[in-house]
Amino acid sequence: MCVRSCFQSPRLQWVWRTAFLKHTQRRHQGSHRWTHLGGSTYRAVIFDMGGVLIPSPGRVAAEWEVQNRIPSGTILKALMEGGENGPWMRFMRAEITAEGFLREFGRLCSEMLKTSVPVDSFFSLLTSERVAKQFPVMTEAITQIRAKGLQTAVLSNNFYLPNQKSFLPLDRKQFDVIVESCMEGICKPDPRIYKLCLEQLGLQPSESIFLDDLGTNLKEAARLGIHTIKRQGFAVLPKLVSNSWAQAIYPPYPPKVVNDPETAVKELEALLGFTLRVGVPNTRPVKKTMEIPKDSLQKYLKDLLGIQTTGPLELLQFDHGQSNPTYYIRLANRDLVLRKKPPGTLLPSAHAIEREFRIMKALANAGVPVPNVLDLCEDSSVIGTPFYVMEYCPGLIYKDPSLPGLEPSHRRAIYTAMNTVLCKIHSVDLQAVGLEDYGKQGDYIPRQVRTWVKQYRASETSTIPAMERLIEWLPLHLPRQQRTTVVHGDFRLDNLVFHPEEPEVLAVLDWELSTLGDPLADVAYSCLAHYLPSSFPVLRGINDCDLTQLGIPAAEEYFRMYCLQMGLPPTENWNFYMAFSFFRVAAILQGVYKRSLTGQASSTYAEQTGKLTEFVSNLAWDFAVKEGFRVFKEMPFTNPLTRSYHTWARPQSQWCPTGSRSYSSVPEASPAHTSRGGLVISPESLSPPVRELYHRLKHFMEQRVYPAEPELQSHQASAARWSPSPLIEDLKEKAKAEGLWNLFLPLEADPEKKYGAGLTNVEYAHLCELMGTSLYAPEVCNCSAPDTGNMELLVRYGTEAQKARWLIPLLEGKARSCFAMTEPQVASSDATNIEASIREEDSFYVINGHKWWITGILDPRCQLCVFMGKTDPHAPRHRQQSVLLVPMDTPGIKIIRPLTVYGLEDAPGGHGEVRFEHVRVPKENMVLGPGRGFEIAQGRLGPGRIHHCMRLIGFSERALALMKARVKSRLAFGKPLVEQGTVLADIAQSRVEIEQARLLVLRAAHLMDLAGNKAAALDIAMIKMVAPSMASRVIDRAIQAFGAAGLSSDYPLAQFFTWARALRFADGPDEVHRATVAKLELKHRI
């Protein structure tokens, strides 16, 4: 981020109390039992590894289970299985290899969950360099212990890795003795392993201290006479961990109270009688590229402070801060902090340390807690760049926003204090403190957007799609009204110094980005951690934490708290401010990364930020998408648009429509008109908000979709066709931002507009036709089959748990799905013929069956298969079938081959032939219940059929438009084709057939809105009879007009024709629909 100020501490809270507690340390030193060089009580410290020197496996398991959607506690239960003779204990005694352990361990986990569990990935995470890294505080403590002449040892339950090396990710030179269970064949708490360690140290039990995080291990050590310290980690759950061996093998789960390793170090200090943390936290020797001349600096400081001493100047560099290098200085008992501009060529207006100095000096007079600044030196000859000096301010810096080790009430108080001080900053009287000219008044957000775009462009090293979309989106969605106050610009929890004992802010740090501007930008920025994961390397987040349990207010509550203190109404466009905040962060990270390439960035994280920029920009884009949805849902009624009878407003490419239908002369609808009240046959007669949406979609098609079609078609014919097109994914993000997303869910299925746009079937029919003019637009807008039918199925029939797992990813476009019903051995047009079996077994259903023509199953994004099979062959004919939600990664799903339609593969989704062999699915994945499959399938098909029919009309309109353009430009037998009588007849016939089919489809949609899908069954059957045949004829005429070109992939006609023909089978063959129409005709009209 901008600046990790000098006052930060990684996890250590108590070390910042040094200035407050020096007298306490002196008071206690006389009472310690250890005395250096004479009669010492303690002569060695023995450390456990996991949970003391490196992170506990329990925390690793908890993180891994969340990431992989594995039920909490699965790993613990599997490791406990078998007790002393279980695979985990035998693995630590080297009685089985890593391969053998993973095989047995994987089997246990899979049997527990009745599905495959990727234990290899857990083991990889557990032993990875990212996780298995020694705590710095422990490294420093060991150094100090050894410096005092004591011995150190590691006593660890560990194992051999596949490379036959023991798992000990530590510097062995730190220890005099290393005892590993896998090498000795015995594990803690076996007393023999403690005695072995003491024997190698050459000590009596009373001469050593043992640190471990498990009570049973400590208990046995204490029984032998060893002094013990417990590094507290995970609280024991009695129901899960009830015996000693279970506690010995694994830190209990889940976490209840987590204390940092510094707590154990503090207790160790109390026993040893000397400090284990010397120096200033978070400092290190100055990097070679960041060195500054000490002599000239010392002379400057002596003059500034009036110091006569000739003692040396101590200079360290803080290892945080990615913008302005920051140094700790100690000179003649004065503790100071120096911040300077970085060396080299800098981005325009960046690193303004002069402004930092000015704002802190002014705010100190307004009662805002800031460090005491001493002097600003703009003379670059002193240390090479301008700098300023301030006093070192001791206190607590909470770098981890989850505030580990604190009580929930204390955590809440910390966040409340943070909120309060932000309100204090935003309440400063600008004129009274002389800051009225500190920045421009008004238009803060537009200026900031321009500034960060400029800075990003100056540091750009490669194209990041999300950044490009944001650069285009942000200026178009600026807030209309903004207040003007002092804004910090980088206001976060880890830029605050807190009192060591009270939830009180002592100083606000890092004012580099401060100016006059919109205070809501600060509020949003202070909530960044709420949306970042805890593993984020630059700024830890709390997105994956249980905030309620921790006592931390959610972002929404934090914002309401701010508004209440400031006396402001909550803003509606919160998502915009979050998108803007994350965009800024992405631009900053990119600048840090660019400087890291030349060695100018001061942070140890600098080189990692290249990857982080893309991650953060995607987060920003997610908020932009949410804002797009909010704008659409709250869109006010606009003035009616003027009807247009034009063809197309401008020339189009060969892939763009060159004609537009004029629907009818029906007058404009009044603003009060809705499509539920009457049949709307023209987009211009839609209600104003939906009409605006229609025209927005039309503009999007013209500007984004049609021009992209040649590239998308080329991708479908390339070797990479079975992978999703990056261009499609980019268009999907743009559609989201425009609010052109999930338009298909009918209002009656989603009356609260929780999942979609809340359109009626008639309203959506007009938009669906427009999307149908392109083969790719439905997917771009997340309105393509089979996902639409599956999503509506989940909305109508799914449980809340099923919706959370499957519906939300589908709605967000992060997953695809398929529907498995058709079978090769039977006539699947009769759903009662299906033979695939669903058999109940314990708490699972076991599936066996052979399916084909499963659209979308080959897509690598396909995560869900909606499977239809028989649960009870002896039940009434229409109560035999059931529907199950089958995760695509379930063992037993075997894709035999992709099928082609007239030679077209329809990649990447394709149409697969699949076998389901002993596929085990949890019972909770059943939809509605056994025997409800036929009912679900019929409910799913109604809207899906009308969607297909409207898209077919779009196909036909596009084909006719292309045909008209073609015949106007080609000559044959001495005159243009457009003057040939047969061509004119074909055009006329196509127009008539399209209009007839459209009216029939709109009528069916209208009846569905008024009376429901069941009442509209006759009309749905009629449109399914009419639309595919009509489209086939219209497209065939267009192909004929094009000649051989119409058969090529240069135009969409061949694919249009293929799918029009296929839709005479999909969702039921023509013959079934004809039979339905005839039966209903005979039933109701005789």
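**Close-up views of a predicted model**

**View 1. Pairing of strands β1 and β4.** Alanine 44 has serine 208 as its bridge partner in β4. Strand β1 (residues 44–47) and strand β4 (residues 208–212) run parallel and are joined by four bridges, strands being DSSP runs (E, at least two residues) numbered from the N terminus. The model is predicted, with local features needing pLDDT of at least 70 and side-chain atom pairs counting only at pLDDT 80 or more, whereas totals for chains, interfaces and linings use all residues. Residues are numbered from 1 along each chain as its sequence is written, and side-chain values use heavy atoms, without hydrogens and water.

**View 2. The open sheet of five strands.** With parallel pairing, the strands follow the order β3-β2-β1-β4-β5, where two strands pair if DSSP finds at least two bridges between them. β3 (177–180) and β5 (227–230) stand at the edges with a single partner strand each, so one side of each is left without a neighbour in the sheet. From one strand to the next, the twist averages 20 degrees (axes are lines fitted to C-alpha atoms, and angles run from 0 to 180 degrees between N-to-C directions).

View 3. Glutamine 881, which lies in strand β20 (residues 881–887), counts as buried because its relative accessibility is 0% (buried means under 20% relative accessible area, exposed over 50%, partly exposed in between, with a 1.4 Å probe and protein chains only). Beyond its neighbours within four places in sequence, the contacts of glutamine 881 include Ala831, Met868, Arg932 and Phe934, a contact meaning heavy atoms within 4.5 Å.
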